[in-house]
Amino acid sequence: MSLENGYYDSSSKALYLWPVDEISPETRLAISAGSGFLHLENASHLRFLGFSAQGFASGHIVKIAGGTDNLVADGKLFNSTASAISVNGQNNTVTGYDVFDVTRFVSLSGGVASPTEITPAGNEVSNCHFYLDALNGVSPAAGISGVGNVFRNNLMHNIPGQAIVFRGNEHLIERNELFNIGFEEGDGATIYSGAEFWGYGVQLKHNFLHHIMSTDGLMTRSGIMLDDHQSGTEVIENIFYKTGHGSLAINGGTGLKVYGNIFLHGNYGVWVRIIGDWKGRVKNLARFDSGELKRGDKHDYIWRCEQVVGKEGWNQKPWISNTPPSPK
């Protein structure tokens with residue numbers, strides 16, 4: 001079996017390494033194996049407390065797939081080329097974990113958004129510490145999708161790319177602290193979403209973002225970016241301190257609400273621009289319909305929206321309501 005910079009001879013059970021750098025007494029060697037540790041599939045009402053795991057090569061170290069009311073709490077997930085956490089189902093929680101030196105931090109999903117139904121999942125990741133220490137060449141992040149999930153009270157830092165990428169509806173991303181993020185990447189932001197006309201109900205609330213670098217010569221970088229006509233997001237009472245070129249970058253979009261935020265020591269507080277050649281993009285919509293441009297591409301805005309809300313679903317229930325939403 002061949003390995004990167006090495007070879008394992010199964011007949012003699014010998015492992016041969018060809019080190020890229022000089023080996024010293026301080027050199028750390030690690031071998032990952034296995035495709036995960038805890039996998040719950042359509043299980044409910046279970047509790048797993050106080051365990052740690054390391055050295056996994058693929059899959060997810062902790063995966064909750066379906067089920068309801070499961071809790072995984074208090075430990076460490078680290079030193080793995082696997083993803084750390086995946087949470088799906090309904091009202092499932094992972095909390096109190098130190099997560100570092102993995103290739104992906106979190107996949108948080110669940111809930112239903114369709115032409116006839118908007119149902120929140122209520123899954124939660126909270127009180128965790130996410131960072132890179134010794135693992136190079138990766139940029140793990142928290143990916144949040146679906147409807148009505150919660151990412152709360154987490155600390156994230158020392159990440160070369162984007163820390164939180166969200167899509168979907170009615171998520172609550174609150175009380176997180178994020179710093180030293182995006183230092184190897186132009187464009188984007190610490191918290192990012194883009195190109196969803198239907199992305200209503202997401203709240204970015206009471207987060208503290210600080211020391212986010214925007215590198216000269218690269219595309220500008222921000223604390224939060226709502227990109228490519230992202231619509232319907234609320235940015236509420238966050239603190240931005242030294243958060244790149246534009247602390248909050250809004251690149252097109254409608255139905256956005258920004259209030260009660262504090263901006264300190266940045267080039268711009270709220271940086272609003274109309275994205276690129278918007279008239280050209282409107283004209284291109286017909287080229288997607290004709291097949292001249294690839295159906296479902298990011299800029300195929302209306303078709304992508306209607307795959308979620310239905311044909312002109314923005315004029316119909318449950319996507320339109322005569323009553324204002326209740327506060328969270």
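Just after helix α2, G310 takes a positive phi of about 90°. Helices here are DSSP runs of H or I with at least four residues, strands are runs of E with at least two, and both are numbered from the N terminus. This is a predicted model, in which local features need pLDDT of at least 70, side-chain atom pairs count only at pLDDT 80 or more, and totals for chains, interfaces and linings use all residues. Residues are numbered from 1 along each chain as its sequence is written, and side-chain values use heavy atoms, with hydrogens and water left out.

Now the overall build. The protein has 2 helices and 31 strands. Its radius of gyration, taken over C-alpha atoms, is 22 Å, close to the 20 Å that the globule rule gives for 328 residues, so the protein is as compact as a globular protein of that length. That rule is 2.2 Å times the number of residues to the power 0.38. The C-alpha trace spans about 70 × 50 × 45 Å along its principal axes. Of the contacts with a separation of 6 or more, 57% join residues 24 or more positions apart; a contact means heavy atoms within 4.5 Å.

Buried residues make up 44% of the 328. Buried means under 20% relative accessible area, exposed means over 50%, and partly exposed lies in between (1.4 Å probe, protein chains only). The protein exposes about 16,500 Å², and carbon and sulfur atoms supply 52% of that area. Accessible areas come from the Shrake-Rupley method with a 1.4 Å probe; for residues, only the protein chains shown count as cover.

Helix α1 (278-290) is part of what covers the buried residues of α2, and so is strand β12 (112-114). In turn, α2 is part of the cover over the buried residues of α1, which are G280, L285 and F288. Just after α1, G291 takes a positive phi of about 90°.

Helix α2 covers residues 301-309 and holds I302. Its buried residues are Y301, R304, C305, E306, V308 and V309. I302 counts as partly exposed, at 37% relative accessibility. With F197 and W314, I302 forms a nonpolar surface patch of about 250 Å² of accessible area together. Patch members have over 30% relative accessible area and no salt bridge; like charges are joined within 9 Å, nonpolar side chains (Val, Leu, Ile, Met, Phe, Trp, Tyr) within 5 Å. A salt bridge is a side-chain nitrogen of Lys or Arg within 4 Å of a carboxyl oxygen of Asp or Glu.

Now the cores. A nonpolar core is a set of buried Ala, Val, Leu, Ile, Met, Phe, Trp, Tyr and Cys residues joined through side-chain atoms within 4.5 Å. The largest has 47 residues, of which L77, F130, F151, M156 and I164 touch the most other members. A second, separate core of 5 residues includes W198, C305, V308 and V309.

Last, the backbone. Most residues other than glycine have a negative phi, and most peptide bonds are trans. D228 is not a glycine, yet its phi is positive, about 50°. D228 lies in the loop between β25 (222-227) and β26 (234-236), and is buried at 4% relative accessible area. K242, in strand β27, has a positive phi near 55°. The peptide bond from K317 to P318 is cis, with omega near 5°.
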